[in-house]
Each structure stands twice: as C-alpha cells, then as structure tokens.
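Please inspect the entry shown below before reading the solutions.

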Amino acid sequence: MPPPLLLRTLGGLSVVRDETPLTTFDSRKVAALLVYLACAGREQPREVLAEMLWEGRAQAQALANLRVCLTSLRQTVGDFVTITREAAGMVPDGGWWLDAAAFEAHLGAGRAEEALALYGGDFLAGFYIDSGAFEDWATLERERLRFRAMDGLDGLIAACLEGGNYADGVSHATRLFQMDPLREETHRAMMLLLARSGQRAAALAQFETCRRLLRGELGIDPAPETAALYEAIKAGTLAAVSPPAGPPAEIELIAVPVARRRLPAQATRFIGREAEIAAVIGQVRDPACRLLTLLGPGGIGKTRLAVAAAERMLEDFPHGVYFVDLAPVGDPEAIPQAAATALGFQFYPGGEPPRQQLLNYLRDKTLLLIVDNCEHLLDGIDLLDAILATAPGVTILATSREALRLAWEWVVPVEGLPVDAADTEDAGSESDAARLFVDRARRRQAAFDPAAHAEAIRRICRAVGGMPLGIELAAARAAVLPVEAIADEIGHSLDLLESERRGGPDRQRSIRAVFDPTWARLSPAEQAAFMRLSVFRGGFTRAAAEAVAGANLHTLTALVEGSLLRFEAKTGRYSLHELLRQYAAERLEAAGQTVDAADAHARYYLSLMAGQEADINGRRQYEAQAIIEADQENIQMAWMHALARRLASELHAAMRCV
C-alpha cells in the first residue's frame, strides 16, 4: 500500500492523498506552503512562513494571510499537518512521503540507482508563486538536488567503466548531458565509454560535439585533458579494457536535444504579471501562433515580461531559447548578424549570404527566439517572415512599440501594472504596482516602511499609470525625497522621473528618453495630432479627436499601432497613458499651441452639451445623459477653460443642458 499522502517534487509538483491526485488548491501558495513544510522536516515559526510567502507585506497582513492559508491546508491534507499558535509543520512519521527526502536517503545509503529512479527532473519544475523569498529558496534547492543527482550519475558511470558495463554507462552519460550539455567531465566519460566498447569513430565524434558546444556557448576550447584523451583515442594508444564475456553489446549513441538558455541576466526581481505570463505562455504554446508580439509603449515592461515567460518554457523547445536584442542595432541589414550572435552561430566567409546561412541553420531547429525592440528596424523585419516560412519548428516572441504588420503576427497589448489590489488572492494585499515601488525603494533604503506611506505610494502608481519604469524611477527618488513630496510633484512634471544611476541603457534613464525615439518616428501630421490629443481627459471619441486634434482615422490607427494611443473596442473610445499625455502636453506647450488646442477642446464639448438640449427635454433623456456622463471629465475641463477664457456664446448655449 502506498503512503496515504505522496508529495512528488522532482520534475514538477504532484500531490496524491489516499491514491487520489489533489489537482486543485485554494491558491498556489497553499501548495507552496505544503512543499516548504515537508522539505523543512520540522516545525517552522509562523513569522518565518509569513515572510517566506508574503515577502514585503506588513507583518500583520502577512500573518493574517498565513492563517487563511493554514486553514486551507488543513482542509486539504487533514491531520498530516500540525498547527499551533506559534508554528506549523508536517507531523513527524505521520504516514506521508516526499520524493526529495527519499532521493537523498537513497544517495546517503549508497543506493544511487534507486535514488536516480526518483529523480524525474528539476525540483518544482514549472511551479512558481509570486514570492521572491520562496523562489530564492526553491532555486537553491533545485540546484543542490541537481548537483546531487549529477554526482550520483558520475558514480554510476565510474562503476560502469570499472566493470566494463559500457551500455549502461552510455545511458547514464546521456542523462547527464540532458542536465548539463557543457560539462566536460561527461564528454570525457562518454568518449572513454565509446572507445573502450570499440566505437572509436563515435568517440572521436563526441570530442567534436564537445568542441562545437563549448565554442558556441562559451567561446572556449576543450581543456587539455579532453584534447589529450582525443589524441590518445585517435592514435589508438588508449589502454584497452576487454568487454564483458558474451556477444558485444550494441551501443546506440542517442542524439540528445540540448536545452540551451541564452536569456539576459536581470539585476532586479520580477514582480507580478502572473496572469500576463500565463496568457503569453498559452499563446506561444498554441501551434497556430508562430509569431507573438508584445506591444506597448517604452517602459511598460515588455522585455521583462517576455523573459519571465520564456524562463518557464525552457523545456518546451529542445534546441533552446535565445534572446536577440535589436536595441543597439542601427541598420536593418545587421539583423541577421544580431540573430546569429545570439544563437552562437558563425557565418562562413565566402559562402552564401548571411541571411541565407541563418535560414539554413534554423531550418531543422525547434527553438524560441525572443526578438526584442523591433520598432526601429521594421524595414528589415521581413527576416522574421522568412524564418517562420523556412523553419517550421521556430517560434518567435517579439517585443515592439509598433505592430510588425506581418501575416504571421498575433498581438498581446502590454499595459501598466494593476494599481488597485482588487481580485488578488490575499485580502488586503498591495497591488503589483505598489509592491514594485516598495521593492525598488528598499534597494536604496533598506528600512523603508511601506505602511507609513501607503496612500502616497498609491497616488504615485496612479500618476504613472502603473508603468514599471515610471514606478522604478519614482522609487529611486524615495532615498532623497519624502514619498508624499514625490506624489505631489509627479503629476505636474516629468522632471522627477529621471535616473542618475550608472549602467543600463541610456534610453531608460528618463521617461523623456524613453518616449523621444517614438516621437521622432512620427510623421509631422501624427506629431501635431498627438500633441493636441493631450488636452483630453478620461478618453475621447473618434469624432472628438478629429474635431479637436485634426486626427483622422488613418492618424488614429498609426498612433494606436505605435502604442501611443489605446483603443477600447467595447466603448469605442481612445485614451492616452498618463505619462504619454504629460509628454505630449510638454511638446504642445513647447510648440506654443496649448491655448489654441484647449480652446478647440472647450468649444467642442460645450457644443456637444448644447446639442443634447432637445434630447434632455424629450424622450431620449437616458441616451443624452449617457453621452454627457461618458465625457464628464472633458466637459468639466471645457467648462472651466471657457470660464477662464470668457467664451460667452459657447457657455450660454451649453447652460441650457445644465
């Protein structure tokens, strides 16, 4: 009979109680709590558990969340967990079984084969929660257990070499390659196994595989001892070991797909966007979606979202996941070289054109390309079209401020982080935007107390529309300005949103630097319309945009596809992100057109009100009221401006609807 409660964590997370899989928990944090308690092996103080799962929350709120989580855990697994006022843990010798603990017990007892039979993959592979502390702990456990498994396989290979059991040795070495394809010790062991089993050509080919991988991934050559082993095998001077008695075993050299990872390291923790990550992964895994573009303005977090999603799909692509950064590329003709560099592929001089060599290289690959910052190289982006047509196993995840307009393209708009904490699993928890602010502020000021500035933090996050870069730039100021002062100033000027840090791209040093390249790519007509659209508040209709800003449908479409405008299909209304509105307003002021645009805005909305007079006094009162309410912010602003400018005739006509 199997134990009443089985916890499998090697290769993913699976919980089975009384031979019935537990497929749902009230939240992922309940499952995370169960795993942590089982791995800890002893009771843990509530304060430790609260900090582990709700890092950055106020302690009182974190403990309250923990109480809810423990109650759910007790309901899910029953008496296998013990809970007191001070601590919680798994019942010792309580009939539950953990594969990671059994794995280590077998290794400690010298039973490597039994241990490795339990090692189905990385610890908690594919399981994540929104907690940096838990993820840090899980990463350390993952690496520790992986190294223990590799040590166990090394021991088995050594035993196979000593006992002449070369077929099993090749199997163990092949498994090691799946865990770390760049490990030279494994390549040497495989060369030795093949040579001693009489497969000299395969042993020499293994050295060439090792050299190609090391050069492609690390830019280095094999170590001297690896080269010496190759020369000994080539010269036939390797001391032979007789194979075991009986007919020689056929050893099949399996081509193992190598899961390469070429993703950029991140200096800061990724926070939030769990729903967006899930949506991106779902789209990328859809066979019909070969090109997915994350579309949004600069600073909105497209790159971090793409990388975070890709990190969870490493196992989906046997030939790897690669990051192609187009930001430093100035010429569309240089895109093939940027892609080749990211892939670790070198063009052959005198061969076919680089573009064709790249297509030939990708033809039989199954991999994911993250192509970042496409917007300034759209004239050369047809290369992506050619890759998708030539290499059916390649999927592309692109980020851009403008739609690529390729036939393959699917689009996911990227918005700012949620500013309000509604619909989160933890009652009373901060929003993702607030959590990002707190995390970045604490990097500059470890003692930063979010509870003392909660309302000001919310005001800041609203003022920047949840834009991650805007939040980070504002949080950096918390080391030199009171948070309340930042909240007061941030809505009036973009001057506050500048960074003095060293390193990092210049384009992310300030909000203006983020938006300037997009502005430069607009046509004069688009620039003129974009500036004048800054006078709207709370969104606007197509008719209003054309009357006030001279923006026809073609111009509005260009601004939407350039991530400067948002369009809500349900309401038929357009809107600007608040920081983009401020940027456009600065441009409008510099052009000396602020008053003229505001006059046009006031006249349009006062005329709109006057036009509702008949309906207000007739049978269409509800329809007229809905029109006025939809533009309440614009109407209030128009009214105040008209009073200041003494637009008497417009005010008189509109007053009949008040």
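Contact means heavy atoms within 4.5 Å. The model is predicted: local features need pLDDT of at least 70, side-chain atom pairs count only at pLDDT 80 or more, and totals for chains, interfaces and linings use all residues. Residues are numbered from 1 along each chain as its sequence is written, and side-chain values use heavy atoms, with hydrogens and water left out.

**Exercise 1.** Determine which residues aspartate 439 touches, and whether aspartate 439 is buried or exposed.

*Solution.* Step 1: aspartate 439 belongs to helix α16 (residues 432-444); helices are DSSP runs of H or I with at least four residues, and strands are runs of E with at least two, numbered from the N terminus. Step 2: leaving aside residues up to four places away in sequence, aspartate 439 touches Arg269 and Ile271. Step 3: aspartate 439 has a relative accessible area of 15% and is therefore buried (under 20%; exposed is over 50%, partly exposed in between, with a 1.4 Å probe and protein chains only).

**Exercise 2.** Describe how α1 and α3 cross.

*Solution.* Step 1: the axes of α1 (residues 28-40) and α3 (residues 59-77) come within 9 Å and cross at roughly 75°. Axes are lines fitted to C-alpha atoms, for helices over the stretch in contact, and angles run from 0 to 180 degrees between N-to-C directions. Step 2: the two helices, α1 and α3, are therefore roughly perpendicular (65 to 115 degrees; under 35 is roughly parallel, over 145 roughly antiparallel, the rest oblique).

**Exercise 3.** State the strand order of the open sheet.

*Solution.* Step 1: the three strands follow the order β4-β6-β5 with antiparallel pairing, where pairing requires at least two DSSP bridges. Step 2: three bridges join β5 to β6 (residues 87-90).
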